[in-house]
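Please read them with the sequence and the structure open beside you.

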Amino acid sequence: MNIGLLGQYVINGMMLGMMYALVAVGFSLFFGVLDVIQFSHGDVVTGGAFAGLAVYLGLRGVLHSSSLLLVLVLMGAVVAMALLGIAIARGLVLPLRSAPALNTLLLTLMAGTVLRESIRLFFPNGSQPQRFPPLLSERAIALGSLTLRVDNLLLLAAGATLIGGMHLFITRTRLGLAIRAVAQDEETARTSGIPFRKVVLLTFAIGSVLAAFAGVMNGLYYNEINFGMGLLLGVIGFSAAVLGGLGNIYGGILGGFLFAGLQTVGAVALPLASAYKDVFAFGVVILLMAWRPTGLIGERASERV
Amino acid sequence: MEPNRGFSNRLAALALVAIATAGAAALLWVESDRAILILLLGIAIVAFGAGRIGILASLMQKALQQRRTIGTGAFLGILLVGFVFREDHFSLFLIGRVLLITLACLGLHLEFGAAGVVNFASAAFFGVGGYTAAVLSARTGIPHLLVLVSGGCASALIGSLLLLPLLRTRGHYAALITIAFGLLFRTFVEVNDSLGGPQGLKLNGFKFLGLQFNDELAAGPIHASFYENYVLLASVLVAIAFVLVQRLESSWLGLALDAIRLDEVAAASFGFEVARWKILAFTLGNFLIGVAGALSAFMVGFLAPNNFTFPESLTLVSIVLLGGIGNAWGLAVAAFLVVLLPEKLQILQEYRYLLYAGLVILILRFRPAGLIPRPMRRYLGHSA
């Protein structure tokens with residue numbers, strides 16, 4: 001295998017890993033503050049991509065600068081999904097806190113279905129895959145046999161910046177401190193005067209913003225989005241979060257890249273090749289859960305009775 | 001119990017069954033969208049009114065004392081409706097489909113409603129049964145009744161591959177495993193060429209004791225559509241499964257399953273073998289789902305990956321939920337409505353997943369016990 005092809009695989013794996021990590025961090029954040037899994041998170045990713053596309057379709061006649069369009073597309077996706085995340089937390093997750101966990105699970109699964117179906121039914125021609133506009137420069141840099149596309153590098157850099165920013169936000173700001181406090185011990189956090197509801201809503205907004213970004217990134221990278229893409233991203237993002245240990249956002253990042261690496265290696269090494277790549281991915285999810293049900297880093301496992 | 005009260009209970013049970021049968025027949029009979037809407041509105045108003053004055057509750061309470069009467073009555077009711085619509089292909093097909101979905105949901109009910117083992121891959125297990133039936137009937141000469149059983153066994157067997165991860169996890173993690181399996185199955189049959197790929201597989205009709213199920217049924221002057229065969233077989237299967245599930249639930253096995261569902265840790269500390277009961281429920285449930293899938297494949301005569309998607313699994317879960325988790329009767333009613341309405345009301349067809357998901361959200365938010373809540377366990381004729 002030559003360097004060029006290898007480089008292509010590495011870039012592809014990194015891109016996948018970045019997307020998975022962004023989704024996984026969302027799952028981990030939600031689990032941290034509320035101990036719930038928000039199963040519609042994958043569809044929030046789709047929602048972000050489609051919100052971005054809608055902004056683009058609405059503005060492309062008016063604006064011609066693609067960088068300005070890109071900023072507006074991102075803002076549209078981010079704002080819409082932040083609001084959606086808050087709505088899901090307020091309307092569905094918080095009211096069911098005292099109900100059995102199964103109900104929250106079903107509720108968020110169904111919320112995901114509502115979101116997915118709404119996109120399919122109400123987005124113009126939504127049941128077909130949609131072309132996502134290439135808003136980044138399509139120039140490529142050639143390094144010997146290796147060609148690097150500028151837009152891919154920009155996406156990777158943006159993703160890394162976002163995750164780095166998340167890290168700074170969680171560790172260096174008062175709000176981040178509040179989120180960590182709630183995640184660690186809700187009651188103590190409440191008695192120290194942390195507004196629990198607000199922190200939860202904020203966390204859901206942040207997680208959904210990351211998902212929106214992952215959605216737009218997915219669109220820019222593949223130049224195509226469809227209403228069902230969130231299902232795969234959600235399942236893999238959740239597995240990545242579990243793999244890294246739920247509630248631990250660094251674990252989520254690690255899990256995301258690990259999973260992407262596994263998938264890329266699988267795609268290269270498996271003789272059956274690309275047709276079975278999703279089968280392989282889901283099989284790996286199941287095997288990993290069988291092997292390490294609570295992740296590589298491990299979740300506190302004891303149970304209070 | 002005085003004989004008098006027993007009689008009035010039995011009467012209540014029969015009345016309830018008669019009303020349900022009449023309602024079902026009426027829904028099958030009307031054709032235009034408007035007539036169906038008016039009928040549904042009428043049923044809703046009557047049900048709401050009866051619920052308000054308390055007739056419905058007392059009727060149900062009385063009727064539930066006589067489960068055997070309801071069961072026999074419902075079985076006869078299905079046969080009667082099947083007889084009335086004997087020449088109407090479409091109605092019979094719908095009845096058959098309702099019955100098979102009920103059968104699958106009974107399996108799901110064992111897993112989900114009784115033992116609390118989540119399964120979001122029910123459509124995939126349904127598909128495993130169907131594909132097994134297609135392959136076995138096309139490539140071997142195994143009698144078709146055995147093919148149905150093999151469909152169930154294949155489904156149970158593949159389900160048992162998931163048991164290890166499922167037993168080591170619970171709640172969200174277990175849900176993730178079944179979701180991943182459902183998606184895996186769908187992509188697998190889509191890319192696997194020997195299983196027909198995206199185009200799917202065709203099946204020849206069911207044969208049983210020299211009887212060709214795809215031939216018209218004729219007895220003297222009475223002719224019936226070939227779907228009648230499937231309706232009869234499916235109603236027998238549903239009846240068997242129903243008796244099995246009800247017996248199981250009212251036995252100490254059901255008690256063990258209840259204990260595990262309600263609190264695994266407490267159940268384990270009281271000496272219940274959590275793993276054993278979960279395995280039992282999951283395997284038996286998948287067996288029923290697989291049998292339903294196999295017969296459904298014969299009845300439809302065609303299989304494609306698109307019939308076994310994640311939203312289909314969620315639809316089956318919605319049926320179990322709408323009927324009130326853990327209530328087998330409610331489940332049958334919910335299966336009827338969920339299968340029939342989108343077929344009858346063409347406007348609903350496209351929006352059905354959205355509608356079911358929305359309905360389930362509303363129910364979980366505002367009526368978490370389901371439309372018809374789980375009945376209390378009864379001992380020696382007294383409710384606990």
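1. B:Glu190 is partly exposed, at a relative accessible area of 27% (buried means under 20% relative accessible area, exposed over 50% and partly exposed in between, with a 1.4 Å probe and protein chains only). The side chain of B:Glu190 meets that of B:Arg186 in a salt bridge, at 3.1 Å from N to O, a salt bridge being a side-chain nitrogen of Lys or Arg within 4 Å of a carboxyl oxygen of Asp or Glu. Both B:Arg186 and B:Glu190 belong to helix H9 (residues 171-191) of chain B, where they stand 4 residues apart, about one turn of the helix. Helices here are DSSP runs of H or I with at least four residues, strands are runs of E with at least two, and the numbering starts at the N terminus.

2. A word on the basis of these points: this is a predicted model, in which local features need pLDDT of at least 70 and side-chain atom pairs count only at pLDDT 80 or more, whereas totals for chains, interfaces and linings use all residues. Residues are numbered from 1 along each chain as its sequence is written, chains are lettered from A and ligands numbered from 1 in the order in which they are written, and side-chain values use heavy atoms, with hydrogens and water left out.

3. How many salt bridges does a search of the whole structure find over all chains? The search gives 11 salt bridges. Side chains of opposite charge can pair when their charged atoms come close. Within chain A, A:Glu117 pairs with A:Arg120, with the closest N and O atoms 2.9 Å apart; the two residues lie 3 residues apart in helix H4 (residues 101-122) of chain A, about one turn of the helix, and both are buried.

4. Another salt bridge in chain A joins the side chains of A:Arg149 and A:Asp151, at 2.6 Å from N to O.

5. Turning to the two chains together, 46 residues of chain A are in contact with 40 residues of chain B, where contact means heavy atoms within 4.5 Å. The area buried between chain A and chain B is about 3900 Å², with 80% of it given by carbon and sulfur atoms; buried area is the accessible area (1.4 Å probe) that two parts lose on being put together, summed over both. A:Leu106, A:Met110 and A:Ile286 supply 15% of the area that chain A buries against chain B, more than any other three residues.

6. Which charged pair links the chains? The count between chain A and chain B is 1 salt bridge, and A:Arg120 forms a salt bridge with B:Glu350, the closest N and O atoms lying 3.4 Å apart. There are also 3 residue pairs in polar contact between chain A and chain B, both residues being at pLDDT 80 or more. A polar contact is a pair of N or O atoms within 3.5 Å; within protein, one must be able to donate a hydrogen and the other to accept it, and residues adjacent in sequence count only if both atoms are side-chain atoms.

7. On the side of chain A that touches chain B, helix H3 (66-93), H4, helix H9 (229-243) and helix H11 (277-291) of chain A each supply at least two residues. H4(A) gives the most to that side, with 17 residues. By class, that side of chain A has 33 nonpolar, 6 polar and 7 charged residues (Ala, Val, Leu, Ile, Met, Phe, Trp, Tyr, Cys and Pro count as nonpolar, Asp, Glu, Lys and Arg as charged, and the others, Gly among them, as polar).

8. Lastly, A:Gln38 is found in the loop between helix H1 (3-34) and helix H2 (41-59) of chain A, and A:Gln38 counts as buried because its relative accessibility is 0%. The side chain of A:Gln38 is joined to that of A:Ser40 by a polar contact of 2.3 Å. Leaving aside neighbours within four places in sequence, A:Gln38 is in contact with residues including A:Phe27, A:Phe30, A:Ile88 and A:Phe204.
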